[in-house]
Amino acid sequence: GNRQLDARRLAGEIARAGLDIEAWLDREAVEKTLRQAYNEEGFLKAQVNGRPLIIEGSTGVLLFEIAEGPRAQITSLKLAGVADARVAEVEKVAAVSTPGPFVVADVNEARRRIEDHYRERGFNDVDIEAQPTVAPDDTVTVTFTIAEGPDRKSTRLNSSHVSESRMPSSA
């Protein structure tokens, strides 16, 4: 039943988790790894079930049944803690399409773009949290909560406006 994530991708997930050999002994670890891979790609209701080992001649075959289920869709983007004057530019920088597939890596990348945007503008202490909220119908609202912190660029001293202090010279 794997249509969206091909066999090569799934085998790679198993290898990255170090389960190439352990899979033969612990199907549940592989099931968990594959479910996680599907969840990260937005298939939040994916089911993975390892079947008992089959011996065909001198070859062992380990099958996993996969039901991907529907892919969750981001249907709403919310920004919390953003100054009104910056909402439009932060939405543009986030570049989250609605509706669009809910992919964890894409949400993390949007969070990173927002953080970079703020830091480039002098908000060195910015803190950004991405919080997806999944409804029963697999629609997702992604909320970016942003604690902007102080704008370091506007608080820097302009050296041309600083006067020099002079100490009286001793004669």
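This is a predicted model: local features need pLDDT of at least 70, side-chain atom pairs count only at pLDDT 80 or more; totals for chains, interfaces and linings use all residues.
Of the contacts in this chain with a separation of 6 or more, 58% are between residues 24 or more positions apart, where contact means heavy atoms within 4.5 Å. Residues are numbered from 1 along each chain as its sequence is written, and side-chain values use heavy atoms, with hydrogens and water left out.

In sequence order the pattern reads α-α-β-β-β-β-β-α-β-α-β-β-α. Of the 171 residues, 29% are buried, a word that stands for under 20% relative accessible area, with exposed meaning over 50% and partly exposed in between, using a 1.4 Å probe and protein chains only.

Let me turn to the helix pairs. Two packed helices are described by the angle between their axes and by the distance between those axes. Helix H1, residues 7-16, and helix H2, residues 27-40, have axes that come within 10 Å and cross at roughly 120°; the axes are lines fitted to C-alpha atoms, for helices over the stretch in contact, and the angles run from 0 to 180 degrees between N-to-C directions. H1 and H2 are therefore oblique to each other, given that under 35 degrees counts as roughly parallel, over 145 as roughly antiparallel, 65 to 115 as roughly perpendicular, and the rest as oblique. The crossing of H1 and H2 is right-handed, which is the term when the near helix is turned clockwise from the far one by less than a right angle, anticlockwise being left-handed. On the H1 side the residues that meet H2 are Arg9, Leu10, Glu13 and Ile14, and on the H2 side they are Val30, Thr33, Leu34, Ala37 and Tyr38. Sorted by class, this contact of H1 with H2 has six nonpolar, one polar and two charged residues, where Ala, Val, Leu, Ile, Met, Phe, Trp, Tyr, Cys and Pro count as nonpolar, Asp, Glu, Lys and Arg as charged, and the others, Gly among them, as polar.

The second pair is helix H3, residues 87-94, with helix H4, residues 104-120, which pack at an angle of about 135° with their axes 8 Å apart. That angle makes H3 oblique to H4, and the crossing of H3 and H4 is right-handed. H3 contributes Glu89, Val90, Val93 and Ala94 to the contact, and H4 contributes Ala110, Arg113, Ile114, His117 and Tyr118. By class, the contact of H3 with H4 has six nonpolar, one polar and two charged residues.

Thr98 and Pro99 are joined by a cis peptide bond, with omega at about -10°. Ala95 is found in the loop between H3 and E6 as well, and Ala95 has a positive phi of about 55° although it is not a glycine. With 51% relative accessibility, Ala95 counts as exposed.

What is the phi of Asp138, which is not a glycine? Its phi is positive, about 65°. Asp138 sits in the loop between strand E7, 127-134, and strand E8, 139-147, and at 6% relative accessibility Asp138 counts as buried. The side chain of Asp138 makes a polar contact of 3.4 Å with the side chain of Lys45; such a contact is a pair of N or O atoms within 3.5 Å, and within protein one must be able to donate a hydrogen and the other to accept it, while residues adjacent in sequence count only if both atoms are side-chain atoms.

Finally, Ile146 in strand E8 is buried at 4% relative accessibility. Ile146 and Val126 are 20 residues apart in sequence, yet 7.1 Å apart in space, C-alpha to C-alpha. Glu148, in the loop between E8 and helix H5, 152-155, is buried with a relative accessible area of 12%. The side chains of Glu148 and Tyr118 are joined by a polar contact of 2.8 Å, and a polar atom of the Glu148 side chain lies 3.3 Å from the backbone nitrogen of Ala83.

Conventions. Helices (H or I, at least four residues) and strands (E, at least two) are DSSP runs, numbered from the N terminus.
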